[in-house]
Amino acid sequence: MKLIKFLILGICFGIIMVKSEAFSWFRIHEMFHFQSFHMYGLLGSAIATGMVSVWLIKKFNIKSISGDSILIKPKELKWKANLLGGIIFGLGWGLTGACPGPIYTLIGTGVTVFIVVLFAAVMGTFIYGALKKRLPH
Amino acid sequence: MQFLLQPWPWYVTGPLIGLMVPLLLIFGNKAFGISVSLKHICAACIPSKNPFFKYDWRKETWNLVFALGIVIGGFLAWNFAVLHNKTESHVAQNCVTGKSICTNPIYNGLNPEARLMFKTWGITEHYQAAPEQIFDWNVLVTPMGFFFMVLGGLLVGFGTVYAGGCTSGHSIMGISQLSPASMIATAGFFIGGLISSWFIVPFLLEQFLK
């Protein structure tokens with residue numbers, strides 16, 4: 001039952017992905033060709049909202065509903081991995097037109113062949129695990 | 001009612017996406033991030049001796065449930081809240097008789113310049129949110145299907161764990177907490193995306209669609 005709230009939040013997120021058109025291959029390429037402000041406005045206002053929220057949570061030491069202090073784990077800085085991994089991710093983002101959130105959304109909207117894209121992404125993650133020690137971090 | 005069926009402007013949906021950050025923190029003390037689900041699927045489904053995948057993924061079930069929710073949300077929104085099918089019967093009929101004349105609000109909302117670009121790329125069918133000339137089961141076993149779906153998916157999965165997150169985990173959650181790692185990763189996402197969108201995608205479509 002504890003998981004129900006995450007299911008509901010996920011459903012909300014999936015609906016927003018469709019209504020914002022962020023799951024559209026066309027929107028992603030329109031963004032990379034600077035032909036519309038849509039995706040920049042979307043990402044920018046999402047980040048601004050997230051930033052203010054995190055600031056408020058820290059400032060007022062807001063607790064989670066179960067009463068625990070909210071822990072925000074810092075992202076580990078490994079600049080080579082962040083940059084190289086980021087570029088590799090970006091190459092795939094352009095091809096599929098979808099990052100992981102939209103991959104799940106597209107499957108839901110009936111573009112079922114994205115199950116294969118998801119499977120390939122899982123394989124990509126697995127390959128990274130196998131090569132991890134040999135990659136610059 | 002009309003508003004519910006139309007695409008929503010970015011200044012409505014952007015803040016809603018951003019609200020995922022505090023909602024997940026307050027309701028579950030969890031950091032917003034979707035790509036980590038790929039790692040949990042590996043840990044849960046692929047037997048491996050690799051310590052990278054040896055952890056108790058059951059403790060992270062929430063993330064997989066969240067991902068499942070996204071699939072359901074996508075289904076609900078597309079089938080009940082997009083102005084293209086049952087609600088507009090004449091459009092629905094057109095869609096059945098000939099996909100190419102289908103009205104798709106997701107396509108029509110694009111900048112005309114962008115639509116012209118897609119046309120020059122050879123994309124004429126756009127009923128789905130991803131062009132069906134590229135993303136279809138019939139295309140899967142062709143070279144085009146390999147590049148766009150299999151290679152594309154591999155790069156997304158490989159890059160995201162390597163970078164330590166994706167657009168949600170780094171660009172939204174990470175930048176919200178002012179993390180330098182996330183800013184570097186996001187710069188990487190755009191470098192890769194620009195190369196892909198300006199050079200690789202047009203080149204591949206030139207080979208396969210024309």
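Why is A:Phe13 classed as buried? A:Phe13 is buried because 27 other C-beta atoms lie within 10 Å. A residue counts as buried if 20 or more other C-beta atoms lie within 10 Å of its own, as exposed if 12 or fewer do, and as partly exposed in between, with C-beta atoms placed from the backbone.

The model is predicted: local features need pLDDT of at least 70, side-chain atom pairs count only at pLDDT 80 or more, and totals for chains, interfaces and linings use all residues. Residues are numbered from 1 along each chain as its sequence is written, while chains are lettered from A and ligands numbered from 1 in the order in which they are written.

**Chain A**

Chain A contains 6 helices and 0 strands, and its pattern along the sequence reads α-α-α-α-α-α. Helices (H or I, at least four residues) and strands (E, at least two) are DSSP runs, numbered from the N terminus. Along the principal axes, the C-alpha atoms of chain A fill a box of roughly 40 × 40 × 35 Å. Of the 137 residues in chain A, 56% are buried.

**The surroundings of A:Phe13**

A:Phe13 belongs to helix α1 of chain A. Leaving aside residues up to four places away in sequence, A:Phe13 touches A:Gly101 as well as B:Met20, B:Gly69, B:Ile70 and B:Gly73. Two residues are in contact if their C-beta atoms, placed from the backbone, lie within 7 Å. A:Phe13 and A:Pro102 are 89 residues apart along the chain, and their C-alpha atoms are separated by 10.0 Å.

**The side of chain A that touches chain B**

The contact takes 102 residues from chain A and 119 residues from chain B. The elements of chain A that give two or more residues to this side are listed below.

| Helix of chain A | Residues |
|---|---|
| α1 | 4-20 |
| α2 | 25-32 |
| α3 | 38-59 |
| α4 | 79-96 |
| α5 | 100-108 |
| α6 | 114-131 |

α4(A) gives the most to this side, with 17 residues.

**The nonpolar core**

The largest nonpolar core has 96 residues, and those with the most contacts inside it are A:Ile103 and A:Leu106. Helix α8 (residues 143-163) of chain B gives the most to this core, with 10 residues. A nonpolar core is a set of buried Ala, Val, Leu, Ile, Met, Phe, Trp, Tyr and Cys residues joined through C-beta atoms within 7 Å. Not counting residues up to four places away in sequence, A:Ile103 touches A:Ala98, A:Phe114, A:Val117, A:Leu118 and A:Ala121.
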